[in-house]
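Visitor: Could you walk me through some of the helix packing and aromatic pairs here?

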Amino acid sequence: MLGPLALNRWDFDAAAHLLVRAGFGGRAEEIEKLHALGPAKAISSLVDSQPESYAPPACADSHGQDELRNQLRDAVTPEQKQSVLKLLNERFRYEMSDLTRWWVTRMVNTRAPFLEKMTLFWHGHFATSGQKVRHAYKMWHQNEILRQNGLANFANLTKAISRDPAMMIWLDTVQSKKERPNENFAREVMELFTLGEGCYSESDVKEAARAWTGYRIDKDNQFRFAPAQFDSGLKTFLGETGSWNGDQIVDMIVSQPQCARFIAAKIWKFFAYEATDPKLIDALASEFRNVQYEIRPFMKQVFSAQEFYGAEALNSQIKSPVQFLVQAFRTMPIALPESSVLEFAFRQMGQVPFYPPSVKGWDGGNSWINTATLTFRYKLARQLVEGIDPQEIGLPKPLAMDMGGIRPATTPALLVDQIITASDRQQPQNVVEKLFVRIFQCSSKFELATRFREFLSNRSLPLEDSTIRGLVALMMTTPYYQLT
């Protein structure tokens, strides 16, 4: 179990698989570069890649809503309050739409795609929704916490999340008082974030809730500890008694072997496939414990394992909506649409960043595909290639107006000259092979390529832009394109 990948199995397709799972895919030259490094250096180039400096979004101002909130506080009549609340809601929706586009743009352009992929994983794990938080700054701040701690130590990441203002609002820690502890965070931190169901008692929940009393948010929207509201009394948690605080509770949880099993299996499911073999889960947990819950070295072990490149892993995952779009933008010269169009597309496909459906996050897997979402994926794929018309994909006019005040513009069509040369236009076989690698992230070794060669077989040469775009749309509307 978890034996290293044999060198003779490290080929172009293995490198492509690594790039698409540890990131969002890449162009043929990126895959070739990764392949040439060999497996160990290729994995290190992704896992150890440092993020570039990136300008924060417009909502990254902890006092950005202060003026409107002061107006709401000072409002006298119900009509005044309603008017200010409307402005606050409009600002919030606009900022959240802008924040979503900011993160997608970062995922598309970053030189450290694995860091963004890991941030996306933790966003689904420590799932927090702007629907309840109602503050774009806090959602961005949590996103930064996940990015800054997501490859460090799991215990430290969990402690940082326990102090995150967005999480404190989402799971009501901010309301927890010494005389009346709120149990929401204590329950979910064990059930969903660290141990899984059935690995703790109701008494453990109650005692742990006492340890997270006194957590507050200050006037700058940062964490503040209020000692007077902290329950410093003795608590018996997981069979041990002491005057535990929240950080000590996390340390005690992480010391449980089940924690390593739970987190390692969830990471493996996200990046490889759902493990059902207890021996594989045990091996993953053992590796996680051996590196003392340090995430970066554990991920190197995950990406080095022969099982990660096995038949059970290859092309076995249905692309999430985020993977679907970000991979398209990273691998092909397709323009990123405006914020309202992007958010609408995510909503229609079932995954709007910063809005997980519950504290459990997104179910993923087969849940991404149903009649409605698959139909929209096919429609969107054609629009990405031909140029997105907001009306054609069904964007409601009121939504577009709310987000920016004007109707969003049509997004330009795919720039064919950036991927297909004049010489290629005379050789349909070259066009199929070039596009196949970009779109399916593997070499054109199987029968599906025959269908695309037939599509071009009776087209006049040199191939026109419309023909090439038609081929790209055909590729992107195959069932195989929904897999990664």
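Visitor: How are α1 and α2 oriented to each other?
Guide: In this predicted model, helix α1 (residues 12-21) and helix α2 (residues 28-37) pack at an angle of about 110°, with their axes 8 Å apart, and they are therefore roughly perpendicular to each other.

Visitor: Which residues of α1 and α2 meet?
Guide: From α1 there are F12, A15, A16, L18 and L19, which meet A28, E30, I31, E32, L34 and H35 of α2; by class, this contact has eight nonpolar, one polar and two charged residues.

Visitor: Switching topic, how many residues of α13 are buried?
Guide: Seven of the nine residues of helix α13 (residues 246-254) are buried, so the helix is largely enclosed by the rest of the structure; the buried residues are G246, D247, I249, V250, M252, I253 and V254. At the start of α13, a side-chain oxygen of N245 comes to within 3.2 Å of the backbone nitrogen of D247.

Visitor: And how many aromatic pairs does a search of the whole structure find?
Guide: The search finds 32 aromatic pairs. In one of them, the rings of F288 and F298 have centres 4.7 Å apart and planes at 35°, so the pair is tilted. Because F288 lies in helix α15 (residues 278-290) and F298 in helix α16 (residues 295-304), this pair ties together parts that are 10 residues apart in sequence.

Visitor: Are F288 and F298 buried or exposed?
Guide: F288 counts as buried at 0% relative accessibility, and F298 counts as buried at 1%.

Visitor: Where do F436 and F440 lie?
Guide: Both lie in helix α21 (residues 428-440), four residues apart, about one turn of the helix.

Notes: Residues numbered from 1 in each chain as written. Predicted model: local features only at pLDDT ≥ 70, side-chain atom pairs only at ≥ 80, totals over all residues. Heavy atoms only, no water. Axes fitted to C-alpha atoms, helices over the stretch in contact; angles between N-to-C directions. Helix = DSSP H or I, 4+ residues; strand = E, 2+ residues; numbered from the N terminus. Parallel < 35°, antiparallel > 145°, perpendicular 65-115°, else oblique. Contact = heavy atoms within 4.5 Å. Nonpolar A, V, L, I, M, F, W, Y, C, P; charged D, E, K, R; others polar. Buried < 20%, exposed > 50% of the residue type's maximum accessible area, 1.4 Å probe, protein only. Polar contact = N/O pair within 3.5 Å; in protein donor to acceptor, adjacent residues only side chain to side chain. Phe/Tyr/Trp six-rings, centres within 6.5 Å; stacked < 30°, edge-to-face > 60°.
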